[in-house]
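Please look at the sequence and the fold side by side, and let the paragraphs below lead you from a pair of side chains out to the whole chain.

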Amino acid sequence: MTELDPALRRIISLPTEDFRPYDRFGTVRPGLTWLPLSKESADGGPGCFAIRFAPGATSQLHVHSDVEEFYVLEGELIDSDGGRLKAGDFVSYEAGSQHSSHAPEGAVILVFLRVPNQRIDED
C-alpha cells in the first residue's frame with residue numbers, strides 16, 4: 001500500500017480546535033463561533049465548516065443561494081419556522097429558502113455549503 005504524503009491530509013479535532021468569532025456576513029454575530037474545515041470556507045467561500053452556538057444564540061437570517069446542508073453534532077436548534085433539529089439530525093435547505101436558527105441550550109453543527117448565502121437584514 002502506498003503511504004499518503006502527510007502534507008496532503010489535514011486532521012482537525014472539533015472539541016479542541018480554536019473556534020473564531022462568526023463573521024461570515026461581515027460582522028461578528030454574538031454567541032456564534034466557527035471553525036473553517038475546508039480551505040475555501042476559510043475566506044468566506046463555500047465548503048465545510050463547524051458553527052458553535054452558545055446557549056441562547058441565534059444565527060443571522062439568510063437566504064440560500066444554492067443548497068445548504070448541515071448535521072447537528074450537539075444540542076438542539078429551533079428554526080425560524082419553529083422546526084426543531086436535534087443532535088443526529090441532517091437537514092438540507094433548497095436554493096431560495098430562508099431561515100435563521102436559535103439554540104436555547106447551545107449547539108454545534110457541521111455545515112456543507114456549495115455557494116455562499118445572502119444575508120437578510122433584520123429590522
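At 48% relative accessibility, Lys86 counts as partly exposed, where partly exposed lies between buried, under 20% relative accessible area, and exposed, over 50% (1.4 Å probe, protein chains only). The side chain of Lys86 meets that of Asp89 in a salt bridge, with 3.5 Å from N to O, and Asp89, at 21% relative accessibility, is partly exposed as well. A salt bridge here is a side-chain nitrogen of Lys or Arg within 4 Å of a carboxyl oxygen of Asp or Glu, and the structure holds 2 of them. Glu76 and Arg84 form a salt bridge at 2.9 Å, N to O; Glu76 is partly exposed at 30% relative accessibility, whereas Arg84 is exposed at 54%.

This is a predicted model, in which local features need pLDDT of at least 70 and side-chain atom pairs count only at pLDDT 80 or more, while totals for chains, interfaces and linings use all residues. Residues are numbered from 1 along each chain as its sequence is written, and side-chain values use heavy atoms, with hydrogens and water left out.

Turning to the whole chain, its secondary structure comprises 1 helix and 12 strands, these being DSSP runs numbered from the N terminus (helices H or I, at least four residues; strands E, at least two). Buried residues make up 37% of the 123 residues in the protein chain. Of the contacts, meaning heavy atoms within 4.5 Å, between residues at least 6 apart in sequence, 62% join residues at least 24 apart.
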